[in-house]
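Please open the model in your viewer and keep the sequence panel beside it. At each stop you will be told what to select and what to look for there.

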Amino acid sequence: MERTETQMEIICNPSRETWPALVERNIPDDDAIADSVAAIVDRVRREGDTALRDYALRFDGAALDALELTADERRQAAAAVAPEVKDAIAAAAKNIAAFHAAQRPHVVDVTTQPGVRCLQRAVPIRRVGLYIPGGQAPLFSTVLMLGMPAKIAGCEEVILCTPQNATGHIAPEIIYAAEICGIDRIFRIGGAQAVAAMAYGTCSVPRVDKIFGPGNRYVTKAKQLVTSVTAIDMPAGPSEVLVLADDAARAPYVAADMLSQAEHGADSQAVLVCHSRDFAEAVNAEVALQAAKLRRTSSVEASLSHSRMVVFDDEADRIAFANAYAAEHLIISTHEPWTVAEKITAAGSVFVGNYSPESAGDYASGTNHTLPTGGWARAFSGVNLDSFQRKITYQELSPEGLQTLAPVIMTMAEAEGLDAHAAAVKVRLAKD
């Protein structure tokens, strides 16, 4: 029987040899996108604000005079936000701030041997840039996820870029969230050109030390291209979720979680790893029922066309597959979910139990929703307070400490053929 637009392929007990293909994301390289982004980045680097205004008109239909929002524009936009949305943003901000404030690092101060003291201190990145997409789903929640930790970390200046549309509109919720976070400056530019502006600086947009934020394939490619001149938060791509389930899971909950990722966009992916084909089919049926009630039908159908369900009889195989996939979001709907969670070694953020929907982390539980995708969770963490700080080490040696450590230093330096390194110690040991 042919699958409908919302039915996902079910694969039962695949051999380990097939796993690499099953965990591969369906995001083909596009040379045309790479070439287009390279041209945009180069032009912004050379022409600055002139290029930004031209691209805003071409891509967003926005005829820009001033690139930066004034204080009055920010106040007016913030005032337009509905009271209930303001209350929700405030509640989410409180939880996000609490979780990230708890991540403040302590000073490491160790005497490694008598007379040799080593320290490590965290210092904030001076200026950071946040990219917030506009479009059909203006991600004002991402403003909180990036702006709150940036300010808690102590970043001296935080700027934000987000596109303005042809009618001069920026979602007021984005601007209100920026006000809540204390964002210093807001620019009405989007796309790859905004990334380039923050990386290289223009007459209007200051050059930043690190760029954060999600975006489409153009934005992602631009972030990759500017890493020679500025840092970025992490490699990122389309959103994804993997639900790890056994007979403790409930099909309506699982379907809802998978659809919450599918509605992000056509490139998003939802994966179910479960214990039986019957359960997979029940989830497929629930997905069809729930998808029919959603507004973003085309995104959902396109996403589900390359999403899948994988059935394993053995729990160890289910956990191993989840670790191989390294999901941005991992939901554990099983008996004793914390026991399973302890065996997870690769995931951006883990949601434990039947009553922990992924959308809780997206908005208001307190954890950060800016997470590694595309399998990068094997090597990268999601955004956290450390993302906005650098670690500097210090060392102080007393005369006695240097005397004791000198043979070790000089022996190693001479063995590496670095005579000047050894001499820097010897000169301090010489008698006046």
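Predicted model: local features only at pLDDT ≥ 70, side-chain atom pairs only at ≥ 80, totals over all residues.

Select M309 and show what surrounds it: apart from neighbours within four places in sequence, M309 is in contact (heavy atoms within 4.5 Å) with M8, E9, I10, I11, L272, A280, V283 and N284. M309 lies in strand β11, residues 308–311, where strands are DSSP runs of E with at least two residues, helices are runs of H or I with at least four residues, and both are numbered from the N terminus. With a relative accessibility of 0%, M309 counts as buried, a word that here stands for under 20% relative accessible area, while exposed stands for over 50% and partly exposed for the range in between (1.4 Å probe, protein chains only).

Residues are numbered from 1 along each chain as its sequence is written, and side-chain values use heavy atoms, with hydrogens and water left out.

Next, select residues 49–60, which form helix α3. Which residues of α3 are buried? They are D49, A51, L52, Y55 and A56. These residues cover an arc of only 150 degrees around the axis, which puts them on the same side of α3; the arc is that of the directions from the helix axis to the C-beta atoms. On the other side of α3, colour T50 and R58, which are exposed. Then show α2 (31–47) and α8 (191–200), which are among what covers the buried residues of α3. Just after α3, stop at G61, which takes a positive phi of about 70 degrees.

Finally, select H100, which is found in helix α5. Is H100 buried or exposed? H100 is buried, with a relative accessible area of 0%. Leaving aside neighbours within four places in sequence, look around H100 for its contacts, which are P149, I152, G366, T367, N368, V383, N384 and L385.

Conventions
Expected span 1.5 Å × (residues − 1).
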